[in-house]
Amino acid sequence: MIRILIPFALLGAFLAISIALEPAQPRGDIRISYTDITTLDPQMMNASVDIRVSYALYEGLMSFNPYTFKPIPGVAKDHPTISEDRLTYTYHLRKDAKWSDGSPVTAHDFKRAWRLGLLPDVAPKYIDFLYFLRGGKTYFKWAARSLSDITSLKNLEANARKRYEEANTLPPKKEDKKDTKDNKDAPPPPPEWLPDFVQNIRKNYPHTKNLDFTPPFGFLPGVSVKNEFLTDDTPQNQIARYEAANLREDMLTAARKILLNPLKTEDDKKQFLSDIESIPSQESMQPELLRLAKQRVQDLEPMFDELVGVKVPDDRTIVVELQELVPFFEEITATWVLCPLHGPTMEKFSRLDESNFNFLRDPLWTRPGNMVSNGPYVVTSWQFKRFIYLSRNPHYWNGKAVKNNSIKLVNYTSPQSMFHAFDTGEIDVSFDGSTIPFAAELAQAVRDRKRNDIHAIDGFGVYYYVFNTKVKLPSGRPNPFNDKRVRRAFNMVVNKQSIVDHVTRLGQKPTNAWVPPNVIDGYRSPKGIGYDPDQGRALLAEAGFPDGKGFPAIEILYNSGSGHGDVAQRLQKMWQDELKIKVDLKELEWKVFHPRRTKSDFEVARSGWFGDYNDPQTFLDLFKTGTGNNDSKFSNKEYDDLLNQAANEPDPEARFRLLEKAEALVTDDHLPVLPLYIYKQVFLYDPDKLKGVSHHPRNMQMFHLYEKIK
Amino acid sequence: MTRLLVSRLIQLPILVLVIYTTTFLLAWSIPGSPLDMADERKPPPEVQAAMQAQYNLDNQWVFYWEYLAGVTGIHYLQGKSEVVFDFGPSLRYKGWTVSEIISGAFPVSLQLGLGAMLIALVTGIGAGVIGAVRRDSFWDFSTLAVALVGISLPTFVTGSVLLTIFSVWLGWVAIGWGSFSQMILPMITLSLPFAAYIARLTRMGMLDVLGSDFVRTARAKGLSEKVVVTKHALKVAFLPVLSFLGPATAGAITGSFVIEKVFNIPGMGQHFVSAVQNKDLFLIMGVVILYAILLIIFNLLVDIAYSLVDPRIQHT
């Protein structure tokens, strides 16, 4: 019997020891819940949870007043001086701005951060904020092209074999022409940075004046802009770039043979096959590829100076030239994307990956002890999926504005346990109240004055359904939603008030506008079209489907979770009852749903959009022809023209009028979407115990302003 | 014994390789891209291409061999990696390696699982023995009833009930993980189904054994009932429990998604589920390989324990 007991005793002893070894956790002044923080690298962030933390750790040239969402001076000592043409912003940095290691924050720290953020190797999600810098996109293109020049040498053999196989098996390409009749699918527009870029190059380098600048063209590592080959990217040019970089002779010969072979005749193919055999081995190419990659890394900084309009005349001055008019640029310099990065840390953690030649920064730099930040806090502890502990940054220049000594972000994977933790006083604030399954009941309790610690706040986002506006559906059958009368009809029969009253029940405001009203000062959203079922039925009849006769069965596409299904069912019922058509529901997991929506493989699909900056453009860009998030594939010349006019309109007032006109095209006329309601965010905190939480729709939270009420 | 050990240790890498390959094929067939997260922003195509190349996502067989070389330490021997067993980075949580994620979560699950198994063994065997010795008594029926409830009730029900009573109503323990008091409730919850099953196994085994000849002999020798039950009968009746223990322990210490969610425990279970949802390939492979190895090891331990407890069993 004793023998049987021994394992149990050992087990118990092991448990006791391991529990005793569990370190005690610090409690923290203010405790805030989070569900999922993916990164603390500000340039990698794109979820609002992460971004909130970035403002605790970092401070840009400008900062925000969280309650009004107005930019206020941050590291810059005042608002920027703006040139006459509104394209050049000059910032003067304050003397006392310091990193958490005590060293001063200089203009170089900003320039470096922006340069690193523009590299494809690092993959920032909000890179478009950096495209506002003059030449920012050109620099990105250069960096991407110079990288692909190296990788295409590395994969020369594999790519050649693939090409050979395709040439042998696939019939000559005819499929490309299939869609030409579908004139709603406009060809991809020429890159908007091109004219500017060409102008610049021609001005600075007279010898390039006869070169053809049809995109895409290539750049080569090791070749400075002075003797660059700026032509369109044919294989000939790629070879020319390799020649200019003094590529090793055997590799150059192989690349010539492979890349220049057109693979048209049988002789070509025979020659190609034998040439593939002559490609040098990976091992023998590696040193030369590494040389090119190292050269590229060396070129990163001079090329940035060459191409991008960011100048640092002295340590405390930074002059930023813009690619185009950006009326909200001051706000952009306050965002997490343009915050500075600490030079020595970046240097220490950046390295060249020798297998795929990316210039990477080791994410370990964001760990406590490694990360040097310049905001109100520093990270002192980060236990994965458990908690993140932020302590007051002793070197922060505005230390007296920091109202607490530490913030503990506590992870809750389930909304229920988060709510229990809040209810029992384990956490002080949560911004994820809308994920609680009984959030609607909680909101009701507030309206009944039974609780005062649940706050439903309008967000800067629209919950909407998007119509596919293409002529034909991917299945090949004609798309009824190509007709704007049908889209208008589908809008008019939806009773949005009943959806927010009976389905979502958080007190959301129904909206017929596209840009959330009353958030942007001076901008007045158009009225949109409201609930009018009779008019809707009449429109459907006008479009050729009286009483829904002849209208094909349609499918509502939505992703699972978050109550999307309930809203979809309500829409299904409204459309079926009012328009007498057949509506099916299709629920998909996000990973399947998202690619389908992106490819416009749907008739009607659920969607949502939150603004990135305080300007209508962040919403209106969504319907510009050819933009990445334009899932409806809406394309309207008048609309594009209005947006372009607005982009070149220096007077903010006049610009807003143009944008209002553009929005009216969407909400009053063409209706590529069905806007339903303004998102609600649900915050949990007891206003008698904590102050400082902002209720501004932008959900801008500055943790250092939080203060416990004693 | 040695032969058993040697043959199992030879089997281990082959089994793990088979499991690795199967998981790999299944994980790659999950629709969607691991770089396409549930947010509304898409990086530029150049960035996607660079990332695909970075993580070998552009070619699944390159991924297969590269990952295998990393995990088995070949990359380390070649000097390509600084860690011996490189499980790769998490695609979702940039900046965290799979090894770090597992080494943070596994000790938690290990504590929870071992604690639960300890409780399950003590209560399960105790209840089983009482039930068998006092057959058809009140105690027998009540332990059987409790065992039936323990098996039937899903843990999210028992867990939520316990949590509501002790954390929300009584306020005795804070929700979370860290102190000993916070561990008790989840351990009990996790132990319930195991305890119930062990109780039934023990009771059945005991009933079988108590009627057998050698027990009658022991009683005839004049041994006290206590000695007969604990020293002679239990040893044999314990065997079916022992074979259940291997996979059960492996399962318990690799985490329970439901219990982790209810009690907000930073354990392994969540990664089995969320890694698949995020198509976080490296993390999927990492947790599955760990689970496979643990399962094989625990089964081996059970076999060893078998031959220690019951010398009649000869492993060939």
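At what angle do the axes of helix α7 and helix α8 of chain A cross? Keep that in mind for a moment, everyone.

First, some housekeeping. This is a predicted model, in which local features need pLDDT of at least 70 and side-chain atom pairs count only at pLDDT 80 or more, while totals for chains, interfaces and linings use all residues. Residues are numbered from 1 along each chain as its sequence is written, and chains are lettered from A, with ligands numbered from 1, in the order in which they are written.

Now, our helix pair. The axes of α7(A), residues 235-244, and α8(A), residues 249-260, come within 10 Å and cross at roughly 175°. Axes here are lines fitted to C-alpha atoms over the stretch in contact, with angles from 0 to 180 degrees between N-to-C directions. So α7(A) is roughly antiparallel to α8(A), a label for angles over 145 degrees. Among the residues making the contact are I239(A) and Y242(A) from α7(A), and L252(A) and L259(A) from α8(A). Contact means C-beta atoms, placed from the backbone, within 7 Å.

Next, where the chains meet: 51 residues of chain A are in contact with 48 residues of chain B. On the chain A side, the largest share, seven residues, comes from α1(A).

Finally, chain B itself. Chain B has 13 helices and zero strands; helices are DSSP runs of H or I with at least four residues, strands are E runs of at least two, and both are numbered from the N terminus. Its C-alpha atoms fill a box of roughly 85 × 55 × 30 Å along the principal axes.

How values were computed. Two residues are in contact if their C-beta atoms, placed from the backbone, lie within 7 Å. Angles under 35 degrees count as roughly parallel, over 145 as roughly antiparallel, 65 to 115 as roughly perpendicular and the rest as oblique.
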